[in-house]
Structures are given as C-alpha cells and as structure tokens.
Amino acid sequence: MLQFFFIKMDYFVELFFGGITRGAIYALIALGYTMVYGIIGLINFAHGEIYMIGAFTAFIVATVLSIYGFPLLAIVILAGFAAVIWSSAYGYTVERIAYKPLRHAPRLSPLISAIGMSIFLQNYVLLAQTSDFLPFPELIPEFPFMEPVAHVVGSSDLMILITTAIIMLILTVVIKFTRVGKAMRATAQDRTMAMLVGINVNRIISATFIIGSALAAVGGLLIASHIGQINFYIGFLAGIKAFTAAVLGGIGSIPGAVLGSLILGLTESFATGYVSSDYEDVFAFSLLVLILIFKPSGLLGKAETKKV
Amino acid sequence: MMATPILQISGLTMDFGGIRALNRLDLDVHAGEIVALIGPNGAGKTTFFNCLTGIYTPTAGEILLTPPGNSKSISLKGLKPNHVTEKGLARTFQNIRLFSQMTVLENVMIGQHCRTKAFILGAILRNAATRREERQIVEKSYAILDKVGLAHLANEFARNLPYGAQRRLEIARALATEPFLLLLDEPAAGMNPQETQELDRLIKEISTDGHSILLIEHDMKLVMSLSDRIFVMDYGKKIAQGKPAEIRSNPAVIKAYLGEDVDA
Amino acid sequence: MFYLNEIKRAFLTSLWFVFLTFPIVVIKVDPIERIVRWRWENSLYMAGGIFVVYLLVKFFIHRKSQAVEPEVDRDNEVKGSFIHRILANPKQRNVLIVVLLFAALAFPQFSSSYQTNVMSTALMYVVLGLGLNIVVGMAGLLDLGYVAFYAVGAYSYALLNHHFDLGFWAVLPIGGGLAALFGILLGFPVLRLRGDYLAIVTLGFGEIIRLILENWSEFSKGPSGISNIPRPGLFGIELSLKGEIIYLYYLMILFVIVTIFIVNRLQDSRLGRAWIALREDEIACQAMGIDKRKTKLVAFALGAFWAGIIGVVFAAKTTFINPASFTFLESAIILAIVVLGGMGSIVGVILGALILILLPEYLRALSEYRMLAFGAILVAMMVFRPQGLISNIRRTYHSDKKFHPPTQQ
C-alpha cells in the first residue's frame, strides 16, 4: 500500500517539477511579450520566432564547436552567448523595420506587420536551414548528485530552474535599480512625459526589445537542450503559450508574466499527466480565449478605463 | 404652470474608483430652451455628457427624458448610447469624431441610421422601398448640410475639411438623428471670432427650428448671447444656476473661475 | 553630399545584415555526418541585395515626399490613379467589365486543364478575400480565425455527404448557413473586445476548431481526413476530369460575379455605412444610433457565410479534406489579400487575390520564396502603403437641387 502511495507521490512530484520547468521556459519568453506590450502597446507576434532563432543559433554554434572538438563547458558558454547576441540583434532589427515606422499608425497596423514578420522569419529560417527536426546536442550532463531524485527531477530541469531564477533576479535588479530600468518603467507609464524629461524613448524601446529577445534566446537554448531537438516551427506554439501566460498574469506586468507562466506550466503538466495529452494545445488556446473575454486585465493587471 | 422639463437630472453621481467626478448634480432643460453648462476645466462637464449619453453608467441619481408634448418620461440611466440617440438625444464631441474615410454627405447620412430600417435583404435587392428610403436619406442630409452651409462640399472626404467646417459637420451629423434635444460639447472650441459668430447664428436657427439645446462652452460671449439659462459646475457639483445676467455677477462663479474673491 | 551619405548608410546597413544573418544563412551543419558547410557566397548576395534594396527604398521615400498634393477640382471630379478614373467613368467601366467577362469566359478554351484549375483556385480566394473584406476591411474587425468558417463549410459537405448522401447543391446553402451560425457564435464573445485582443481571440478560435477536428476522430476522422467527396453535379451528367475542371471554373466565375454584386450593394447601403462608421470610430458610431453589437454580429455572419460556401466548393474540388488545410497560415494568406488589395476596396481585393495566388504559379522558379514574400508583403504594405493597392473610393450622391457655397457676409 505504501509503495503505491510513493509511486503516486513520485508521479505527482515529477509532474510538479515538469510543470515548473515548463513555466520557467514560458516565463523567459513571456517576459519579452509583456515588456514590449507595456512599453508600446503592441503584441509582438514575431517574438516566438526570436525564441526559435535563439534556439537555432545555439544549435548551429554548439554543433560547429562540437565538431571542431571544443570542450563541453566552452560550447555551452559560447552557444549561450551566440544565442543571446544574435536574438537581441534580430529583436532590435525587427523593431526598427516593422514596428518603429508604425508607432503612430492605428493599432491594428503594427499587429498585422508583426504577423507578417512572424511568417517571414519562420520561412527565412526554413529556407536558409531546413524543415527537418534537428537534433540538439545535450549540453547539460547528468549530475551525479542528482541521482537519487533523477526519476522525478533531471539535471536539465535543475539547470533550467537555477538559470531562470538567476535571470529573474538580475532582471528585477535592472528594472528596479538601474537608470535604464527606471527609464523603461517611465516610458511604459507615459511616453510623452518620458520624452519631456529627457529620456531617449527610441533607445529605451530598442533596449526593451533587446532585453526581451535576450531572455527568449536563453529560453531557446535551455529548451533545445532539454528536449533534444528543434525545428523552425517551435516559435509559433511556444509564442502563443507564452503570450497566454503573459495575459493570464496581466499583460504589461513583469511579476504577472512570471506568475502566469508558472500557473500555465503547472496546469499543462498536470492536465496532460492526469487527463490526456491530446488536447494539450486546445487547453492553452481555450485558456487564452477565456481570459481575454472575461478578464483581459489578467491576475495582476489593472483594468483600463477609456477616456472619451 | 410649467410643463415637464424635457430633461430632468436629479442627484447624478459618478465615481471612478476613488474619484467622485459628479456629485449629486441637478439640472433641467425645458422645451425650446438653450441651456448652457459652464465651469472650469475638469469640472466634470464632459463626464456629465457621457453619463447622459450612455457611455458611462452613473453611480447614482436619475436621468429622465420627456419628449415634448408627451407625458411619459423615460429613464436614460443605464441605456446604451445608441438607444439614447434613438430616444431623441443627440450629441457632438469635444474632440471631433467624424468618420474621416467617408464623405461629408455620408457622415450626415449615418445620422439617419436609427430613423430608417433597410437591412441585409434591402441592401442586396435594392427594392423600391429601399431605394425610396435611400432617396429620402440623401435629400434630408442635403437639407441639413445646406443649413450648416456645407452642402457644396457634400462629396468631399470629411477628413479634407478645414477645422471650422468639421465642427459644423459634427453638428449636422447629430441633427440627422432627428433629436429633440441636442447636446453640444464645446462647439466653438478652436474657432476664430468670425466662425464663432456664424455658429451663434446657426445655433439660434437650430433652436428656432424646434430643437432644445444643452451646450458646454468656454466662450463666454457666445454663452451669454445664446443661453436662456446657465448652469455652473465646479468639482462635479452645481454651484450656481440662473439667467445669464445673474450668473455674470454671481460671486461663487467668479471665484470658481478666477480662484479668488472679487474684492481680494 | 546627400548621395554620399546615403551610400555610406546603405553600406553600413548591408554590413549589419551580413552580421545578423551570419549563423543562419552562412553556416549549414549536418549533425549526422558531422560536417559544416560554410556558404560564404550567401553573405555576398545578402550584402549586395540589402545594399540595393536600401537605396531603392530611400529613393522611393524621397520621391514620395517631393510629390505635391494634387489640388481638388472645383467640381469635385474624382482625381487619382488610372484605375480610379476608369472606374468613375461609367462608359469606360462598362467596357472594361465586358472585356474582362469575355476574357474570363473564353479562358478555358485557350488554356490547359492545369491552368484552368489554378484559375479556379484564384477565384476561390477572390471570394474568400471579399468575404473577409466585409469583416476586416469594412467593419474593421481583425478576424484572424477566418479559416475556421472555411473549415466548417468544407467539413459540413464532407460529413453530410458521407453520412446522409447529400449532394453538392443541397449542402451549399447548408454549409454557408452553418458557417454564418458559427460566425455569430464566435462573434458574441468578442463583441466588447478591443482590436488586438479581438484578433488574438479569433486566432485562438481558429486554432481550437482545427485542433478539435484533428483530435475528435470519431466526428471528423482526425488527421487522416475524409476522402471520396463527390464533385458538383450537372443535372446528373457524367463529366470527364477535364470537363469537371472546366465546369468548376465556370461555377466559380458565377460565384465571383454574384459575390461582387452582393458586396457592392452592401457597401453602398445603410448597413455598409454602419460598418464603416463602426470601423472608423466605435464610440461616435454608437452616438449616431447604430447598434454596435448587431452590426458586428452581422459582419461576422455574412463574412463567415462566404467562407462556408467556398469551403463546400473546396471540399468538392479537391475531393479530400483534412485539418491540415485549415491552419492559421490560411487565415494569414486571406488577410494578406485584403491588406494588399486595400481594406474595403472590392477591386483591390480582387487584384490582391489574383496577384497573391497567380503570381507564384507563373514565377515557378521562385515558388520556394512564396511564404517569405507573403510575410514581407504584409510588413511592406503596412509600412509603405497601408491603404492598399487600390484605395477606397466612396460613392458620390447627387441631389435634385443645386447648392452653392454660402455667401460671405
């Protein structure tokens, strides 16, 4: 009887950690969505593709380096750097080309532009690389000290959680205490006022995109290593789910994005573990639809009143 | 004995979270009157209009509309904006809200929407009844445009009009809904003295045609020239009401605008 | 010097893009064979391409800012592009229509079956574009889940035929009606939503319907789809494959004509004006006495109706359907057609559909780049020409009386 309980417990704990890990990855992507929405009111449809490009860049660099015989630690660090640098570059460029010219256009224009960018980037990677599923080298070895709990929590899970936690900490410090962080918060609250007090709004918006993209890149690197394979389409689905998480927590709110991601990750994990795995995506989409219809401000967001 | 006011507002209160924008406001308009609502910026005048026209639902109080010659009063509280217009109350906006992608004439024709009924089948078949209705809409719209002096620009895009003309088009559009009470939100804003004079003449003509008017305005010369009665608001409350001469010398009003006593 | 500065900028921009695209465009790894291919030539193409594109874009922007606004004619004649002038002149317009009609009717005689088939597909997208145009172009509701109604039409034919043996013509109105019903059902929850949230929710709906079709195998036969769907019948006459293709083509011509007729009538009607008012300014629209909920729902329903009709045609044309045909990408393509053509413009949407569907066929060598081009077109149109290829023209109305500008006092 006791054995039965332990098996049940084991399964629960496994699902729990699986959920938190998912949540962590979603959080890394969701933060990009929420920060961009907070600062220019745009749903950056192409953000999922930035995440995918981060994963691809990490893949390419890691594979090349491993073919040339670099040590594992060097590969991890260099691939990580590469992913962050290039994803940030893509995020910056996308903003300059597709969103900046439309800053004063009606709301739907940048959204349509973002959709176009998303399609463009997906097919760009498809054409330049391949439509195949590419195997991602395992960058995180199994740590011996994880042995006893390895059946419920893997070393990879642990790395994801630790990395994400560290990044969250750094991000919180940046937003709260640095000049850039304060400028970002000011611009998000009132762009005109921020300009009037001398903040270079264009630079701050670019910085927001760069930071969001860098986070997504780390997410791309981690998930690719965790799952073991990537393909050009992973951005779309991960993007929608991360966006759902951001909305759930309250779009525009950074703690909200983290909260929403954790909730989504856990719910998905438990739902697919205990109910059925077929309808996993339907669940995420339905959640998104329900939140937007009934409580668009999310858990931690403020309801907007319009001024006529 | 005075007939029932066509518009009776009692105890109107509007809270936005912790802020009380309207504080137990009372106001009434009688048939054929031109009533002005004045007060410093931020007094709550446009909020008041928004409560009347269904954009906000007031926290408390009552809004009663009685069509002239009718004895039955309708409560406007909680009605949707389009229903309010159907009942006979039309408004213009402080910031011009024209349909810029449509022509001047079409903007006015839109006003006729709630007085006509052709729907999907009518649109597709264009049967005799629909065509007759469209003809009537066009003719009525041209007549209204003529009244505001814009008929020669009927097929011009609304966005191409100069500012003063756009303001007049807004009034024309509201008139097209065949209201008996017209709410004008700062109709003279941004107009030069000559345009304001034209506006004065136009509003008087609209009043003679049988419409009652409630207007928000900052241009005191215009207010004094037009109004039969004036209500003064500050911080969401009514601080004075009366005929123009009374209001002009009312110390509370002067204090509200200048922020100090007359003798100080 | 103006030009030297621009050339320097172009050079720097192309350098940036070479850096940006380096890992993805230059490096190709084969993880199984463990080899790395360095495609340096791509960098060169990239540099050259970006350099040229940058200069071209700057040049056109410069040209546009130099152009002076044309003055408005006293008599309010419709100025503007070539197409506008032809359309405004009734005689020229009718000649154009007759010519096009003849060309369309004669087309199958001069082309292969394959080309006729492609043309039918293009015509289907014309109708889809016109249908979405009602929702997006006229009413201003960014529906990203339009493909769901398309799927409803297709699956209703496939399933009704499979279970109840109903024929094409019987299901056609049913498919349209069911899709319209779904339009209302999907419209209800989004009535209060603002533009971008509306877009995401409709996207969600579209995906949910596709996923349900994929997973609820008992109902929809899942990913393997439904096959052996009969083609439309012609009074029971047996037609060869070639005959079927030509028959379907003429059917589509008929549908396109009917759709253009109906949409045109709707555009210049009380309902059409209400939609445009809704799109322009929801608050002012309500202030004018328009019931925004009813207007939105009718837009959704009518738009969905056409998607449903074409869905039935699609099922009959390809005789096999599965959920993979109804992805978000389809909705994006139809949206691209409306955006390219010009929101609210019938002629524009027709042009947009023909360009986006036919051009890839005739530029076969570049067909790989088709989706890439779609994405780029969406971005480019929004940034450079948001009004689309053919901008909106409104009907002019004339009164019996003559009006003069008011005399100055």
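Reader: What makes strand E3 and strand E8 of chain B a pair?

Author: Four bridges join E3 (residues 34-38) to E8 (residues 212-216) in chain B, and the two run parallel. Two strands pair if DSSP finds at least two bridges between them, so E3(B) and E8(B) count as paired. Ala36(B), for instance, stands opposite Leu215(B) in E8(B). Strands (E, at least two residues) and helices (H or I, at least four) are DSSP runs, numbered from the N terminus. The model is predicted: local features need pLDDT of at least 70 and side-chain atom pairs pLDDT 80 or more, while totals for chains, interfaces and linings use all residues. Residues are numbered from 1 along each chain as its sequence is written, and chains are lettered from A and ligands numbered from 1 in the order written.

Reader: Why are E6 and E10 of chain B called edge strands?

Author: The open sheet has the order E6-E7-E8-E3-E9-E10 in chain B, with mixed pairing. Strand E6 (89-91) and strand E10 (237-242) of chain B each pair on one side only.

Reader: Which helix of chain B gives the most to the side that touches chain C?

Author: The contact takes 40 residues from chain B and 33 residues from chain C. H3(B) gives the most to the side of chain B, with five residues.

Note on methods. Contact = placed C-beta atoms within 7 Å.
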